[in-house]
Amino acid sequence: MLQLLKIEWLKVKNYRTFWILAVLYLLSIWGANYIGYSIQEKIYASKEAGNMADMILGGRPYAFPKVWQMTTSATSYILFISGLLMIILVTNEFSFKTHRQNIIDGVTRTEFIVTKMTCGVIIALVSTLVVFLTALFFGLIQNPSDISFQDSQYIVYFFIQAVSYTWLAVFFGLIFKRSGIAIGVFFLYTLIIENVLALIFNRALPQSYFLNGIGNYFPIQSTDELLPVPVFEQVKKQLDEPDINITMQLSFAFAYLIIFFFISKRKFETDDL
Amino acid sequence: MDVLTLNGITKYYKRICALNNVSFSVPEGSVFGILGPNGSGKTTMLGIVMDILKPSAGSFLFMGEPPSAAMRRRVGTLLETPNFYHYLSAERNLRIAAEIKGKGFEQIPSVLQKVNLYHRKDSKFSTYSLGMKQRLAIASCLLGDPDVLVFDEPTNGLDPVGIAEIRELIKNLATEGKTIIMASHLLDEVEKVCTHVAILKTGNLITAGNVDEVLVNEDIIELGAADMPMLENILRSLNGYKEIKRQKEYLQLLYTMGTANLENVNKFCFDNGVVLNHLQLKKKSLETKFLELTNK
């Protein structure tokens, strides 16, 4: 595997497009949270607004331990860019026909697709690392003496979501083969289509206790539910809304990962390339 | 030992049959030409051998063993078009190929020199002309000094000088004892460099074997006389030709190459009371032969 990853490294090492997007994306993780942090600071600047915010938010979202949830939740909105990076890595091979050449030169079909999926995990790991550092950064400037890793499980949830995005991106890349359409459909699906479908299904089907809304268990939604924005939590409690069933959400998230993995692998192993 | 043995390879693209039950063997050390017009299934066949296409039926052996990725690493292959990363330089592209084949980078300068691209090794692939791309693909095939080379239309996009260079290179590789499998629609290319040939037409194998057996040349004597039935009659008792053919105005006698003798035929006819008003020796071109084979 290490040798296969070295080959991937040779492919991207001098690929400027990839690095420009990757660096801007990673900076944007910090940037998106800086925006959130600035809004928080603005609200807490006045005492009255601050009291109100405390009521709604239950404390400053960028202070420990809430910062873990806030940072990961805010970052999940730009996670689709990690999918973009992944789609470029996959569809480039198709447009240069280098996927064929790699096989011809002696990579097996299975090695090829599994290496791409591994690259997805690496992108997810780097994203997670940057989110972790970002959360630490904002938590520390909020209150350096208050450092706490309570609720840092959100970092793990974020990693799972990031892998979901990149593996779904690999799958879309394999289906559409051209970058334009793969990126377009991927963005629309993750940002709009799945949310719309989730809303429609949640409305149409009666909620059972076990599956509080079937739409919450769609591929991306199942990980999105793990990273709720930490607002209105008090209000939600008052409204007696059912809590998120973490075990169920995680089970579905893992099930989707297994499905993405095996469908993509099977598709690349059996297709005419 | 045979380098490659195909057993009833069949390939359908949806309902279109691209290869129909093709079987033949490529002997070690041969320069094996796969000849056929556009769309005859040459690339499909090589694609199946290289595992980028899945056959609908049939199987093949590589060096007597079932195909594997390890085997492909020992073969230099150029299939259809040169496939490289556009944003990387020639040298960096070859590094990827070398890494996949499990070879070191130290051979890269020498293979680039062999195809006259060394001076452009740092230029991006996207800046290359078609001919240069083709030569880079051939350089990539040479990495690791493989014993078997597969070239699909190797002179595609090259200028006459480039074509001559590549032919020379292929001939040199053949004298080094390498097995070369070469697909081409250019008959004279196959004739000039190949020892063996297989002819494909719309997915069917028409014939395969030694070049001098398959692409055998013939001499043709064309004759005419006022009394054609009489001429045909007396020619039946003439010896030496292989076949007699009736054309619109003339009769044709087909001879093995180099055995036709106009004087003898003329004398024979005259002696038998037929005066010829037309007598001509025609060399049958390979093109005609090829068209004949593929139009069956």
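Reader: What is the mean pLDDT of chain B?

Author: This is a predicted model: local features need pLDDT of at least 70, side-chain atom pairs count only at pLDDT 80 or more, and totals for chains, interfaces and linings use all residues. Residues are numbered from 1 along each chain as its sequence is written, while chains are lettered from A and ligands numbered from 1 in the order in which they are written. On the pLDDT scale (the predictor's confidence in each residue, from 0 to 100), 96% of the residues of chain B reach 70 or more. The mean pLDDT of chain B is 87.

Reader: Which helix of chain B has the lowest confidence?

Author: Helices (H or I, at least four residues) and strands (E, at least two) are DSSP runs, numbered from the N terminus. Confidence in chain B is highest in helix H3 (residues 90–101), at a mean of 94. Where pLDDT is low, the predicted coordinates should not be read in detail. The lowest mean in chain B, 68, belongs to helix H11 (residues 286–294).

Reader: Which element gives the most to the side of chain A that touches chain B?

Author: Contact here means C-beta atoms, placed from the backbone, within 7 Å. It takes 21 residues from chain A and 25 residues from chain B. On the chain A side, helix H1 (2–12) and helix H6 (98–105) each supply at least two residues. The most, seven residues, come from H6(A).

Reader: How many residues on that side of chain A are charged?

Author: Ala, Val, Leu, Ile, Met, Phe, Trp, Tyr, Cys and Pro count as nonpolar, Asp, Glu, Lys and Arg as charged, and the others, Gly among them, as polar. The side of chain A that touches chain B has eight nonpolar and seven polar residues. Its charged residues number six.

Reader: What is the radius of gyration of chain A?

Author: Chain A has 12 helices and zero strands. Its C-alpha atoms fill a box of roughly 70 × 45 × 30 Å along the principal axes. The radius of gyration is taken over C-alpha atoms, and the globule rule is 2.2 Å times the number of residues to the power 0.38. A compact globule of 273 residues would come near 19 Å, so chain A agrees with its 20 Å.

Reader: What is the radius of gyration of chain B?

Author: Chain B has 11 helices and 13 strands. Its C-alpha trace spans about 80 × 45 × 35 Å along the principal axes. A compact globule of 296 residues would be near 19 Å, but chain B has 24 Å.

Reader: How far apart are the centres of the two domains of chain B?

Author: Domain bounds come from an automatic or database domain assignment. For chain B, it gives domain 1 (2–214) and domain 2 (218–294). Over C-alpha atoms, the centres of domain 1 and domain 2 of chain B are separated by 42 Å.

Reader: Which strands are the edges of the open three-stranded sheet in chain B?

Author: Two strands pair if DSSP finds at least two bridges between them. The order of this sheet is S2-S1-S4, with antiparallel pairing. Pairing on one side only are strand S2 (16–27) and strand S4 (57–62) of chain B.

Reader: What residue in S4(B) is the bridge partner of B:Leu6?

Author: Eight bridges join S1(B) to S2(B), where B:Leu6 stands opposite B:Phe24. Strand S1 (residues 2–13) of chain B also pairs with S4(B), over five bridges. There, the partner of B:Leu6 is B:Phe60.

Reader: Which residue of the S1(B)–S2(B) hairpin takes a positive phi?

Author: The hairpin has two residues between its strands. A phi near 50 degrees is taken by B:Lys14.

Reader: Which strands are the edges of the open six-stranded sheet in chain B?

Author: The order is S5-S6-S7-S3-S8-S9, with mixed pairing. Each pairing on one side only, the edges are strand S5 (75–78) and strand S9 (204–210) of chain B.

Reader: What angle does H1(B) make with S6(B)?

Author: Axes are lines fitted to C-alpha atoms, for helices over the stretch in contact, and angles run from 0 to 180 degrees between N-to-C directions. H1(B) lies across strand S3 (31–35), strand S6 (148–152), strand S7 (179–184) and S8 of chain B. Its angle to S6(B) is about 145 degrees.

Definitions and conventions
Two residues are in contact if their C-beta atoms, placed from the backbone, lie within 7 Å.
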